[in-house]
Amino acid sequence: MRLTAFSDIALRVLLLTAAVPDGEKLTTRAIAEGVGAPYHHVTKTVGRLSGLGLLASSRGRTGGVSITAAGLDATVGSLLRELESGSAMVECESAGGDCPLDHGCRLRRALADAREAFYGALDDVRVRDLGSERQVGPVLVSIGLRPPDPPDGRATVGSAPIP
């Protein structure tokens, strides 16, 4: 199964914002740079995720985007069900789909079951558990933020702790 580009960007945005230190906000431009996606796609994605209550965004000089508690607790399975709900796996599922074998087709049901099994496998994966300092730290630095301190509270440079 292939995810839409929109879902891919949404997952990247959530991973990045989940790694930002508490109290910090990112601009949509910084997010676009950090996730390697076009600015306009990111603004649309941030708007949708904000509408779902997964991100909080505010305008103005002190504005920006941050992840919400609901965003941190969201499961990848539930998120993809929501974001991928309008995309068809095969042509017959689309609104204008045309297949001469459509009448009594069992393939559509089998594909729907397979899609649900795919989402179900991701129902235990929470956004808060996905990112790591090693993965996201360099991206945060590249967009001008300091990565969050490791859980033991000791600051690091690269992978070496600072005494």
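**Helix 1 against helix 3**

I started with the contacts between two helices: F6, I9, A10, V13 and L14 in helix 1 meet H41, V42, K44, T45, V46, R48 and L49 in helix 3. I note here that the model is predicted.

I then looked up the geometry of this pair. The axes of helix 1 and helix 3 lie 10 Å apart, and the packing angle is about 75°. Helix 1 is therefore roughly perpendicular to helix 3, since angles of 65 to 115 degrees count as such.

**Helix 1**

I checked the length of helix 1, residues 5-19. Its 15 residues reach 21 Å from the first C-alpha to the last, close to the 21 Å expected at 1.5 Å a residue.

Next I listed its buried positions. In helix 1 these are S7, I9, A10, L11, V13, L14, L15, L16, T17 and A19. I9, A10, V13 and L14 are buried and also belong to the set that meets helix 3. F6 is in that contact set too.

**Helix 3**

I made the length check again for helix 3, residues 39-51. Its end C-alpha atoms are 18 Å apart, which agrees with the 18 Å that 13 residues should span at 1.5 Å each.

Which residues of helix 3 are buried? I found V42, T45, V46 and L49. They lie on the same side of helix 3, because the arc they cover around the axis is only 100°.

I looked at the opposite face as well. The exposed residues H40, K44 and G51 sit on the face of helix 3 turned away from its buried side.

I asked what covers the buried residues of helix 3. The cover includes helix 1, helix 2 (28-35), strand 1, strand 2 and helix 5 (76-83).

After helix 3 comes G53, and I read a positive phi for this residue, near 80°.

**Strands 1 and 2**

I moved on to the hairpin. Strand 1 (residues 55-58) pairs with strand 2 (residues 64-67) in the antiparallel sense, over 4 bridges. The hairpin leaves 5 residues between the strands, and G60 in the turn has a positive phi of about 105°.

**Whole chain**

I ended with the totals. The protein chain has 7 helices and 4 strands, in the order α-α-α-β-β-α-α-α-α-β-β. Of its 163 residues, 30% are buried. For contacts between residues at least 6 apart in sequence, I noted that 63% join residues at least 24 apart.

Terms used:
Residues are numbered from 1 along each chain as its sequence is written. This is a predicted model: local features need pLDDT of at least 70, side-chain atom pairs count only at pLDDT 80 or more; totals for chains, interfaces and linings use all residues. Side-chain values use heavy atoms; hydrogens and water are left out. Two strands pair if DSSP finds at least two bridges between them. The expected span of a helix is 1.5 Å times one less than its number of residues. Buried means under 20% relative accessible area, exposed over 50%, partly exposed in between (1.4 Å probe, protein chains only). The arc is that of the directions from the helix axis to the C-beta atoms. Contact means heavy atoms within 4.5 Å. Axes are lines fitted to C-alpha atoms, for helices over the stretch in contact, and angles run from 0 to 180 degrees between N-to-C directions. Angles under 35 degrees count as roughly parallel, over 145 as roughly antiparallel, 65 to 115 as roughly perpendicular and the rest as oblique.
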